[in-house]
Amino acid sequence: MTSFTHVDLDIDGDIATIRLNRPEKKNALSPEMHRNMHQAIDEIEARKGVKVVVVTGTGDAFCGGMDLELCFLEPFNEPERFDASNQLAVSWSRRLKFISAVTIAKVNGWCFGHGFQLAGMCDIVIAAEEATFGLSEINFGIFPGGGTMWIAAHNMGRKQALYYALTGETFTGKEAVALGMATRAVPRSELDETVDKIAQSLAKKNVHALASTKQVYESAVELDFPKSIDMELAKLYELSYLSENEWIRLGLEQFKRRAYRPGLESYKTDAGKES
Ligand code: COA
């Protein structure tokens, strides 16, 4: 495990875990933590082939959002320092949103502001039923910014995103599922085990297939149907090349021998070969 100042990174085989570790401040993101997030992402990217990145928080908070004092109040009268602090935050967000590994937010508790954004930018969100989500910016006189409104608008319906952004009301992890902000909610006591199972199952899939599934999803929401068909075909050929035709060599060859049922499970990968 690597410990940066307030962020811990653990890489175990194909699965990396980023843990925000500033529980005394509800894991609110200080400028140092923004640097730590870059360091963690640098290390994950340097370690080729990580398939899953789990993001979570220590204690009773997932993330209390931007550190309102250190990121906003204190540097506000120094425009360049204020902007640098914001740029530091949005630049790791951009990197994590487009990382090739599958990202899972394990939302263990309080989830506000930039923490809301962090959860929402992940591909999969597993929340504790008892967790509390909120777009609290209106409560201190601004709007969800730096990408957080985009996350609300692209995950929740219009009437929900606007309601929660305008009122600052909170919602639970259980409610987050119906609102589109979480994939699944489980009791806090089952959170670790649930996320572990999902991460382990993803780690059995082909690394290139995981990455291209994410890319094809992102382009499918942007493109019209004919353009998406072209993109999806092109991506299939690219994936075949990058994975040395593993889907034909192993996936479909094993199916031909009826060695597994693709509707219910994954094919077996080469022993000792990158999958
Ligand atoms: N920025 C700076 N400090 C924060 C923080 C933030 N976003 N979120 C929590 N903290 C600090 C608190 O000020 C407190 O510091 P202190 O011990 O020096 O007084 C400490 O973390 C513990 O928080 P506390 O408010 O005592 O815990 P709580 O359990 O009563 O309430 C929250 C938890 C998350 C509801 C509350 O801390 C809160 O409203 N935080 C701000 C959330 C927010 O609006 N984030 C959006 C930022 S963009």
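In this predicted model, the side chain of serine 136 places an N or O atom 2.6 Å from an oxygen atom of the ligand. Taken alone, the ligand exposes 860 Å², and the protein buries 60% of that. Lysine 25 also reaches a ligand oxygen, with a polar side-chain atom 2.7 Å away. Leucine 68 takes part through its backbone instead: a polar atom there lies 2.9 Å from a ligand nitrogen.

Now for the charged pairs. The structure contains 14 salt bridges, and here are three of them:

| Salt bridge | N to O distance |
|---|---|
| Arginine 35 – glutamate 32 | 3.2 Å |
| Lysine 97 – glutamate 218 | 3.0 Å |
| Lysine 214 – aspartate 123 | 2.7 Å |

Lysine 97 sits in helix H3 and glutamate 218 in helix H9, so their pairing ties together parts 121 residues apart in sequence. Lysine 97 is buried at 15% relative accessibility, while glutamate 218 is partly exposed at 25%.

Helix H9 also carries lysine 214, whose partner aspartate 123 lies in the loop between helix H4 and strand E8, so this pair joins parts 91 residues apart in sequence. Lysine 214 is buried, with 15% relative accessibility, and aspartate 123 is partly exposed at 30%.

Arginine 35 and glutamate 32, by contrast, both belong to helix H1, three residues or about one turn apart. Arginine 35 is partly exposed at 40%, as is glutamate 32 at 29%.

Finally, Asp42, Glu45 and Arg95 are linked in a salt-bridge network.

Technical notes
Residues numbered from 1 in each chain as written. Predicted model: local features only at pLDDT ≥ 70, side-chain atom pairs only at ≥ 80, totals over all residues. Heavy atoms only, no water. Polar contact = N/O pair within 3.5 Å; in protein donor to acceptor, adjacent residues only side chain to side chain. Areas by Shrake-Rupley, 256 points an atom, 1.4 Å probe, with all protein chains shown as cover. Salt bridge = Lys/Arg side-chain N within 4 Å of Asp/Glu carboxyl O. Helix = DSSP H or I, 4+ residues; strand = E, 2+ residues; numbered from the N terminus. Buried < 20%, exposed > 50% of the residue type's maximum accessible area, 1.4 Å probe, protein only.
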